[in-house]
2 protein chains.
Amino acid sequence: MVGRAVGSKLVEVGHEVRMGSRDAGNEQGAAWAAEAGGGDAGGGGSVGTFAEAAEFGELVVNATPGLVALDVLEAANGGSSGGNLAGKVVWDISNPLDFSQGMPPTLGVVNDDSVGERIQRAFPDAQVVKALNTVNAQVMVDPASLGEQTNLFICGDDKASKGRVIEILETFGWLSGDIIDLGDITGSRALEMYLPLWLRLMNTLETPSFNIRVVRGES
Amino acid sequence: MVGRAVGSKLVEVGHEVRMGSRDAGNEQGAAWAAEAGGGDAGGGGSVGTFAEAAEFGELVVNATPGLVALDVLEAANGGSSGGNLAGKVVWDISNPLDFSQGMPPTLGVVNDDSVGERIQRAFPDAQVVKALNTVNAQVMVDPASLGEQTNLFICGDDKASKGRVIEILETFGWLSGDIIDLGDITGSRALEMYLPLWLRLMNTLETPSFNIRVVRGES
């Protein structure tokens, strides 16, 4: 759902997007590509294997469930002889939600580590940027739908890579002044550990269509 | 710091507050009581042991570090033959921050448990309410200092006890409409796991004087 929402938005604002799947013949992927192709801004959608998608992209978006992210990215990288992720920005949107013990989910990686950090350690030649995991798919690509400015958080070790992601987020409707840079990739812990509050709020508000705004005192 | 801030505010709005310490002769406690005593609203401050404070109060506030909270509350309850907490609201403001591995702290209880839940399990005859752990001491007792309405979260198994805490929070300046009830005490996980984001934001914003507001879409 996140991959389709972000993929479609990227096509809409003019990018060529290749959606990766374990199986290149994935029907959902093909349906998405047929729908996403040929927007007014000149973007287009296509599908391929994880490795084909990673090879194709200048920037790679990880919109898989957090607990399978490393396996998927290993496949995307092209296996041990690969290197499809080297030198690229890997934009990680995932959350390590573990539903195996029932609801509410726990986090499968937590406290002194995070999916964002694991990806960065596994692919040291990539520049991992964490952002967008703190809102639902619809808010990700249409923040103005909330009717009020809210905040997004970003972290990663490479400033230029964060800047590249912020540029894209601006085309989604996020204001750069509302995107708070939390520093290096260890900030992923904070962003992933926010999820239990997000889930609890979703249950309480009875909608996933919300976000938070940080209010700072004058002092 | 949290205990003194909340204790002073409670005295200011007219309550009799007994601050508990391991040692009844605690100098900081005595200094606080001398300063807090005799407000215009008729409140007053005094000090005692943890057990004396818990016996004295109609409502007990736990403002100790989360990782020692159970030990302190066991002492407050009066040991194995005690029962000072039975039938009382225990308002837990604590966070299980573990600084033993350096900065940033990790959480000593996390993911599938929380300090709030541990207290409720240890003292089943008390009504545990979690609230205020998501803001710094000064914001706790003066939310208007942020210059804008923000949200507070509350959880606990007993609705009437949450209502009692909300009444007190209103005298601190919180608006009841801004206090979001996240349901039962397992919501403590969400509130405690928010701390890593709070800490990261404090570093980024270079102030502990902030809070968040939840913005909900119209849909």
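**View 1. The surface and overall form of chain A in a predicted model.** Chain A exposes about 9300 Å², of which carbon and sulfur atoms supply 48%, the accessible areas coming from the Shrake-Rupley method with a 1.4 Å probe and, for residues, with only the protein chains shown counting as cover. This is a predicted model, in which local features need pLDDT of at least 70 and side-chain atom pairs count only at pLDDT 80 or more, while totals for chains, interfaces and linings use all residues. Residues are numbered from 1 along each chain as its sequence is written, chains are lettered from A and ligands numbered from 1 in the order in which they are written, and side-chain values use heavy atoms, leaving out hydrogens and water. Of the 219 residues of chain A, 53% count as buried, a word that means under 20% relative accessible area, with exposed meaning over 50% and partly exposed lying in between (1.4 Å probe, protein chains only).

**View 2. The place of Q120(A).** Q120(A) is found in helix α5, which covers residues 115-122 of chain A; helices (H or I, at least four residues) and strands (E, at least two) are DSSP runs, numbered from the N terminus. With a relative accessibility of 11%, Q120(A) counts as buried.

**View 3. The surroundings of the Q120(A) side chain.** A polar atom of this side chain lies 2.9 Å from the backbone nitrogen of V128(A), and a polar atom of the side chain of Q120(A) lies 3.4 Å from the backbone oxygen of F123(A). Not counting residues up to four places away in sequence, Q120(A) touches A126(A), Q127(A), V128(A), D157(A) and I185(A), where contact means heavy atoms within 4.5 Å.

Definitions and conventions
A polar contact is a pair of N or O atoms within 3.5 Å; within protein, one must be able to donate a hydrogen and the other to accept it, and residues adjacent in sequence count only if both atoms are side-chain atoms.
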